[in-house]
Amino acid sequence: MSYVDGFVLAVPKANLDAYKKMAQTGGTVWKEHGALAYVECIGDDVPYGEVTSFPRAVQAKDDEVVVFSWVVYESRQSRDAVMAKVMADPRMDAYQSAMPFDAKRMIFGGFQPFMEL
């Protein structure tokens, strides 16, 4: 069964074009190194919840949009190998010091699917 990395982050609306450029590069790099799928989504219906929500999770400000992304791999072992190659790829260096969002507020994790339909 596959393995999935998930990400939720807040991107300033003024930085959306820069984020999309970074995501395009990232998606290309991930896919070239073996990811099966790479998806980036901009929040369209993500209400601010009373207790918890996507905007609360990343402390989204009024001038930011929530982005939800995921990468699919063949397995956890494949993910670990792909991730090592991605982190070593020089195309990713430009974004390490100049991210178009506050990476400290990004949440992420690896997930083992228990059902695929």
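Four strands make up an open sheet here, in the order S2-S3-S1-S4, and their pairing is antiparallel; two strands count as paired if DSSP finds at least two bridges between them. Helices (H or I, at least four residues) and strands (E, at least two) are DSSP runs, numbered from the N terminus. Please keep in mind that this is a predicted model: local features need pLDDT of at least 70 and side-chain atom pairs count only at pLDDT 80 or more, while totals for chains, interfaces and linings use all residues. Residues are numbered from 1 along each chain as its sequence is written, and side-chain values use heavy atoms, with hydrogens and water left out.

- Strand S2 (37-42) and strand S4 (107-111) are the edge strands, each pairing on one side only.
- From one strand to the next, the twist averages 15°; axes are lines fitted to C-alpha atoms, for helices over the stretch in contact, and angles run from 0 to 180 degrees between N-to-C directions.
- S1 and S3 pair in the antiparallel sense over 10 bridges, and within this pairing Val 8 stands opposite Phe 68 in S3.
- S1 also pairs with S4 in the antiparallel sense, over five bridges, and there Val 4 stands opposite Phe 111 in S4.
- H1 lies across S1, S2 and S3, and runs at about 165° to S2.

**A covered strand**

- S1 is mostly covered, as 10 of its 10 residues are buried; buried means under 20% relative accessible area, exposed over 50% and partly exposed in between (1.4 Å probe, protein chains only).
- In a regular strand the side chains alternate between the two faces of the sheet.
- On one side of S1, the buried residues are Tyr 3, Asp 5, Phe 7, Leu 9 and Val 11.

**The nonpolar core**

- The largest nonpolar core has 20 residues, and those with the most contacts inside it are Leu 9, Val 11, Tyr 19, Trp 30 and Tyr 73. Such a core is a set of buried Ala, Val, Leu, Ile, Met, Phe, Trp, Tyr and Cys residues joined through side-chain atoms within 4.5 Å.
- Strand S1 (3-12), helix H1 (16-32), strand S3 (64-73) and helix H3 (76-88) are the elements that give two or more residues to this core.
- H1 provides the largest share of this core, six residues.
- Not counting residues up to four places away in sequence, Val 11 touches Leu 16, Tyr 19, Asp 63, Glu 64, Val 65, Val 67, Pro 100 and Phe 101; contact means heavy atoms within 4.5 Å.

**Aromatic pairs**

- There are five aromatic pairs, counted where ring centres of Phe, Tyr and Trp (its six-membered ring) lie within 6.5 Å; planes under 30 degrees apart count as stacked, over 60 as edge-to-face and the rest as tilted.
- The rings of Trp 30 and Tyr 38 have centres 5.8 Å apart and planes at 45°, so this pair is tilted.
- Trp 30 is buried at a relative accessible area of 8%, whereas Tyr 38 is partly exposed at 23%.
- The rings of Phe 68 and Trp 70 are also a tilted pair, with centres 5.2 Å apart and planes at 45°.
- Phe 68 is partly exposed, with a relative accessible area of 35%, and Trp 70 is partly exposed at 27%.
- One aromatic cluster is formed by Phe 54, Phe 68 and Trp 70.

- Glu 64 lies in strand S3 and is buried, with a relative accessible area of 10%.
- The side chain of Glu 64 makes a polar contact with the side chain of Arg 105 (2.7 Å). A polar contact is a pair of N or O atoms within 3.5 Å; within protein, one must be able to donate a hydrogen and the other to accept it, and residues adjacent in sequence count only if both atoms are side-chain atoms.
- A polar atom of the Glu 64 side chain also lies 2.8 Å from the backbone nitrogen of Lys 61.
- Asp 89 sits in the loop between H3 and helix H4 (93-96) and is buried, with a relative accessible area of 7%.
- The side chains of Asp 89 and His 33 make a polar contact (2.8 Å).

**A buried loop residue**

- Val 58 is found in the loop between helix H2 (54-57) and S3, and counts as buried at 1% relative accessibility.
- Leaving out residues up to four places away in sequence, Val 58 touches Val 8, Leu 9, Ala 10, Val 66, Arg 105 and Ile 107.
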